[in-house]
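Biologist: I would like to learn how to read pockets in a model. Can we work through a case together?

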Amino acid sequence: MQVKAPRLRALSDAELRLIEEFARSIGVKPRAVALNPHALEVPGGAYLDVFDLPTALIRVIEDLRFVYAGGYYVGSLTKSKFVPGLPLAQRLSRLCGLGLRCILLDLYGAKRFLYGERVTNEHVVRFSEGLAVVVDSQGEAIGWGIGRRVRLKTRVEVRVEPVKDLGWYLRRGG
Amino acid sequence: MAHWPSYLTLTDPDDVIFAERVTKEAERLAERYGYLPYIVERYLELLGNEAEDLLESNELPMPDVLRCNDYKISCSELASRLGEMGFAIAKVPFLPHGYEIAESPISPGATHEYLKGYYYLQDPGSMLVGYLLGARPGELVLDMAAAPGGKASQVLQLTRDSATLLAVEPKRERVKALRSNLQRLGFSNFVIIKGDAMNVSVPASPDRVLLDAPSSGEGIIRKDPSRKRKTTLRDLREIHKRQVNLLRRALSLVRPGGVVLYAACSTAVEEGEYVVHKSLTGLDDVKAEPIVEFPFRRAFEEYRGLRFDDRVSACGRLFPHVHGTEGFFVCRLRRLG
């Protein structure tokens, strides 16, 4: 009996459109996200991990089965949206100031963010509303966050909610 | 010296190599240092007076060593950042990217620089083995037991992410760690295959195969003292069989002219010389290349009366009491084209 095994495949047009929508929403071109996006298809899987494959790898993966990961991980696709991954924040961060939506935190803010905690007001050096790449005071990506302005009784508070942060590498245990 | 029966009268050399025989001296030292006696017996048979030096060295904890990931940051910048944070680090002379961590204000695995993938924590012997593979840009490299990804990521770092790496790992938890590490360190030219390297099919014959074989871990007693008593002689025999099968598989997969680097993090001859000896039996189209990049100890040429294949003498060993590293066996084999 043929075993159905995880494999990498090129994205469908509908899947590519989800990546295009995401790229536009953060202010970059789709090719900045991935040049050769491929999905890891796992039988029965609820979502698809998406990897950008270097050209040399495309030649290799065709006949490979039981693939667990391959290429540069850029994020995952559900039926309705693309969810960016941590390596993509690092790949895109050089575009901060060149159209990419970015949030800059000070040292204390970055520490809180890397613990998966919300960062507010004085620790947010440069703010952007919506999903954005979050960078520390060295201009280096530390994750993805959502910027929000919240109107309180006497003031407007700026908040950065972590979506994915590099501290995940520790919290997941290695 | 122990006297072992002649092989001419035996049908299976394993019965001698894996025979449990313990002298009073081995028993005494095993009790003092907390080892299974057969391990100490082997040290005495192979190393003589040096055996106790090895046992003493294994009492010293391993220092933390990091491999600077110069694919993402310059090593001088990393050293400067860690210095500002209060780390005391010193370059390891024989490791181009290695730094020993003498003092650390926080866990070296919890800094922002670690999370950003600017370094990997890797024992020095393991890092040295990574250099010996000698992978070049554009080559297809197979890592048959890749998790957690120390040497796999080193292959990609040393080739600036331009070797194509097939990283194989059968265990679910370990494959997760492998992926996490390769991603954190910023690499892209790899495929992780979850499976047993004995059965995995490869798209083309690899130029290089790295087999850092699953082992008893007897070489990392400095890091994990439980290894002194963890592996029974019966377990060791099973580990040895698997290592032989894996090395034979590696030699069957590599392209003619290609290199297989066999390594085992162990001071056991049963996981080193005897594995290579058995695996090369009947294979005339494989040569062992002497390792000249580092002053390894020469591999043992015989054990318990069994003289190993001549090619085994080109292999090398790292010892804690000689090199200050973990214990390792390394052998670089080239399939003739």
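Biologist: How many residues line the largest pocket, and which lie nearest its centre?

Modeller: Keep in mind that this is a predicted model. A lining residue has an atom within 4 Å of a pocket point. Here 39 residues line the largest pocket. Nearest its centre are A147(B), P148(B), R174(B), D212(B) and I220(B). The volume is about 1100 Å³.

Biologist: Which elements give two or more residues to the lining of the largest pocket?

Modeller: In chain B they are β1 (64–68), β4 (119–121), α8 (150–158) and α11 (233–253). The most comes from α11(B), with 4 residues. Look at domains too: domain 2 (65–121) and domain 3 (124–335) of chain B each give this lining at least three residues.

Biologist: How do the residues of that lining divide into nonpolar, polar and charged?

Modeller: Count by class. The largest pocket's lining has 20 nonpolar, 12 charged and 7 polar residues.

Biologist: Now the second largest pocket. Which residues lie nearest its centre?

Modeller: Read the chain letters. Y47(A), D49(A), Y68(A) and Y73(A) are there, together with R179(B). The second largest pocket has 26 lining residues and about 640 Å³ of space.

Biologist: Which elements each supply at least two residues of its lining?

Modeller: From chain A, β3 (48–52), β4 (67–70), β5 (72–77), α4 (86–92), β12 (156–165) and α6 (168–171) do. From chain B, α9 (172–184) does. The largest share, 5 residues, belongs to α9(B).

Biologist: And what is this lining by class?

Modeller: The second largest pocket is lined by 14 nonpolar, 7 charged and 5 polar residues.

Conventions. Residues numbered from 1 in each chain as written. Chains lettered and ligands numbered in written order. Predicted model: local features only at pLDDT ≥ 70, side-chain atom pairs only at ≥ 80, totals over all residues. Heavy atoms only, no water. 1 Å grid on protein atoms, 1.4 Å probe; cavity = no way out; pocket = protein on both sides within 12 Å on 5 of 7 lines; lining within 4 Å. Points joined across faces, edges and corners; volume = space filled by probe spheres on them. Nonpolar A, V, L, I, M, F, W, Y, C, P; charged D, E, K, R; others polar. Domains from an automatic or database assignment.
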